[in-house]
Amino acid sequence: MGIAADREQVQHVGFSAGSAGSRHARVQAAARGPPGAVVTPEQATAERAAAVLAERDAVQANLLELDGSFGKRVLEGASLTGQTRERWEQASVTLATLWETFLAYSAVVDRIAALSGHAAGGGRRPQKKDVAELDDLLAGGCVQLPGAPVPLARRDLAAQGRPPVTLTTAVGAMRRAFAEVTAVTSAAEAVWAAVGAPLDAAAANLAAGRPLVAGLGPDIEAEFAAAESALGALRGAANADPLALWHDGRTDTAAASRLREQVAELTPRIAELDRVRQQSRQRIDALTADVAAARAVRDDAVTAWQEAAARIAGLPPLPPPPAEPPLTGLTALAAGGQWGRLAAELDRCTAELDGFAARTAEVRRLAAEAIDKRDELRGLLRAYKVKAARLGAAEDAGLAGRHDQAHELLRTAPCDLTAAQAAVAAYQRAILATEGRR
């Protein structure tokens, strides 16, 4: 027995006349005759008989629907346990008694149909000689209910062991029995529908991960096996004892929902580890190539840094060369199926290479900026020397001394860029001061 989310839930709370009611209305109209006509006793009896027939049709239709319902068929053929087994055993007895009652009740209704002229679906009136018997059947005790007879100590001498009951009483007994049975079948169907959705979702995710999980490592394999076991246990429990999950008219789906969430988190992890497994050799080989490329980049950077260091003093040092990749350890992790650790180690190595590349690029950038700054200061010094000449201060000893100091610093290799920048700034201020005085 399985659970499917799209099963229809059937709930019966009583009998419904349905199409039988329409038939009843047609028969009544035919029995009454034209509007305004006086209703005879035979016509009144015929109307009552038609109502009884319509009610019997409704009872029969509902019983047949119950007998063929999904919940009843599954419960009838399942190996039930716990509350469900106990309640279904009681409901089965009730259902058997319900059918026995219906057969007895239906036999009386068949006699009413024959006497009232409705046996063949016609609408003729009963004969006068049959009216008395019909009235007795319609209003008196005529249905022998199944069950144990009245105990001898409480029985009248002339009474039968279990006196017959009226049609109304028989229908009332069947209605109560019907409600008792459908309460069990409807609750079971509601549980299967509510629990089936999360369990089916978990099963679909597990099915997707099953071809991938083998060889991904003992931890993930154990977690997957535990999820499959939990799915089987929850589904088996819901199938065997659904009413254990039925509380106050609602289904307890907490365990099924938790499993769905756990499996939903497990599935992408399996996919990721499988991706790592598929790409492990490629990533290890790529890591080796990336380290070699990083070393080549550093060699170029060393050359550029040395050239810049020969011109500019105080440059930041280059980072040390990148370490060789731990190929032996990575290969061992792959051989052992430790894909999670392998992924973490590959990510660590990649991050270290990225950091090395960023630091190397930063040092090269600073070296290039330092040379550009020195060249900019040289140009600025020449521009201010031209300005001093326009001011007629080219021979000013103070200005000349400041110019020579800045010029010397900018032409010395390696250049003290900080001192040279300060000297140029001092020369600039002196020229501006001279310009202000003139």
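These are my notebook entries on a predicted model of one protein chain.

**Entry 1: the overall layout**

I started by going through the secondary structure, and I found twelve helices and two strands. Reading from the N terminus, I wrote down the order α-α-α-α-α-α-α-β-β-α-α-α-α-α. Next I looked up burial: 37% of the 438 residues are buried. I also checked how far apart in sequence the contact partners sit. Of the contacts with a separation of 6 or more, 78% join residues 24 or more positions apart. The accessible surface came out at about 23,100 Å², and carbon and sulfur atoms hold 55% of that.

The mean pLDDT is 83, and 85% of the residues get to 70 or more. Residues 1–14 stay under 50, though the model still gives them 37 contacts beyond four places in sequence. Residues 17–27 are below 50 as well, with 14 contacts beyond near neighbours in sequence. Low pLDDT means the predicted coordinates should not be read in detail. I left both stretches alone after that.

**Entry 2: the cores**

Which residues have the most contacts inside the largest nonpolar core? I got Tyr-105, Ile-112, Val-143 and Leu-167, in a core of 39 residues. Helix 2 (41–67), helix 3 (70–77), helix 4 (82–116), helix 5 (128–139) and helix 6 each put in at least two residues. Beyond its neighbours within four places in sequence, Tyr-105 touches Val-143 and Leu-167, and its other contacts include Val-52, Val-59, Ala-170 and Met-174. There is another core apart from the largest one, with 33 residues, including Val-213, Leu-216, Val-291 and Ala-294.

**Entry 3: Val-191**

I picked Val-191, which sits in helix 6 (residues 167–213). Is Val-191 buried or exposed? Its relative accessibility is 0%, so Val-191 counts as buried. Leaving out neighbours within four places in sequence, I listed its contacts as Gly-196, Pro-242, Leu-245, Trp-246 and Thr-251. I also looked up Ala-238: it is 47 residues from Val-191 in sequence, but the two C-alpha atoms are 7.6 Å apart.

**Entry 4: helix 9**

In helix 9 (residues 327–335), I found Leu-330, Leu-333 and Ala-334 buried. Why do I say they line one face? Seen down the helix axis, the buried residues of helix 9 fall within an arc of 100°, so they line one face. Just past helix 9, Gly-337 has a positive phi of about 70°.

Most residues other than glycine have a negative phi, and most peptide bonds are trans. I went looking for exceptions. Asp-248 is one of them, with a positive phi near 55° in a residue other than glycine. Where is Asp-248 found? It is in the loop between strand 1 (246–247) and strand 2 (250–251). Asp-248 counts as exposed because its relative accessibility is 81%. I also noted a cis peptide bond from Ala-413 to Pro-414, with omega near -5°. Pro-414 has its place in the loop between helix 11 (397–411) and helix 12 (417–437).

Methods: Residues numbered from 1 in each chain as written. Predicted model: local features only at pLDDT ≥ 70, side-chain atom pairs only at ≥ 80, totals over all residues. Heavy atoms only, no water. Helix = DSSP H or I, 4+ residues; strand = E, 2+ residues; numbered from the N terminus. Buried < 20%, exposed > 50% of the residue type's maximum accessible area, 1.4 Å probe, protein only. Contact = heavy atoms within 4.5 Å. Areas by Shrake-Rupley, 256 points an atom, 1.4 Å probe, with all protein chains shown as cover. pLDDT = per-residue confidence, 0-100. Arc of directions from axis to C-beta. Core = buried A, V, L, I, M, F, W, Y, C linked by side-chain atoms within 4.5 Å.
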